[in-house]
Amino acid sequence: MNKVGIFDQALKYHNISKKEFAQKSNIPYNTVAGWKRNGSVPDFAFVLLKKIAFTENPRRHQLKLQPTPIKLTESLKKEIQVAFWGKDYEVNYILKEVRKGNTIFVKSFFENVFYGDILKILPIKAIEKLLPTIDKLFKEQTALFWRNVVKMYRYGGVQVA
C-alpha cells in the first residue's frame, strides 16, 4: 500500500476528515487534497496527524484496541481474598459478582482493594458500568473520584487552557 492509502486509513482511524486535518494543521485544503492526485504524502503529514489525534484525545485510540484478558497474579488474588476475609469465596466468583454490580461485593471490593490494583483487575468499561452502584454505596467524594477516573481514561484527562 502506498503512502496515500496509509494516510487515508490513518485519517479514517482517528475519525478526522481531510478538511479538519487541513484546518488544524494550517495547511491549505487544496494542498491536502492534492496529495492524493500526486500520489504522494509528505512525511511531516503523518507527524502532524499523530500530533492532532493525540492532542485532542490521547486515550481515544486505546478504546479501539481489543481488551486483553486480565491475568491475575498471586498477590492480586490474595488481595481480593483478603477483601472478603472470613468468607469462602473463590476469586473468580468475587469478580463475577462485582462486575454484575452486587452491592455487597462492590462495597467490600472498592473499600479494601487498592485503587491501582482495581484498575489492573477491572477494565474502565466495567468500572463505568458500576458507577450507578458506586453512587448509591459510597459518599459523594468517593463516587466523584471514580467518575473522574473513568473520565480521565475515557476522554484523555482534563483540558488545561
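The model is predicted, so local features need pLDDT of at least 70 and side-chain atom pairs count only at pLDDT 80 or more, while totals for chains, interfaces and linings use all residues. Residues are numbered from 1 along each chain as its sequence is written, and side-chain values use heavy atoms, with hydrogens and water left out.

First, the overall picture. The protein has 11 helices and zero strands; helices here are DSSP runs of H or I with at least four residues, strands are runs of E with at least two, and both are numbered from the N terminus. Of the 161 residues, 34% are buried, meaning under 20% relative accessible area, with exposed being over 50% and partly exposed in between, for a 1.4 Å probe and protein chains only. Of the contacts with a separation of 6 or more, 58% join residues 24 or more positions apart; contact means heavy atoms within 4.5 Å.

Now two loop residues. N15 sits between α1 (3-13) and α2 (18-25), and N26 sits between α2 and α3 (29-38). Phi is near 60° for N15 and near 60° for N26, positive in each case for a residue other than glycine. N15 counts as exposed because its relative accessibility is 61%; N26 counts as exposed because its value is 69%.

Last, E79, in helix α6 (residues 74-83). What is the nearest side chain of opposite charge to E79? K120, 7.4 Å away; E79 is buried yet has no salt bridge, which would take a side-chain nitrogen of Lys or Arg within 4 Å of a carboxyl oxygen of Asp or Glu. On charge, Lys and Arg count as positive and Asp and Glu as negative, with His and the chain ends not counted. Beyond its neighbours within four places in sequence, E79 contacts N112, V113, F114 and D117.
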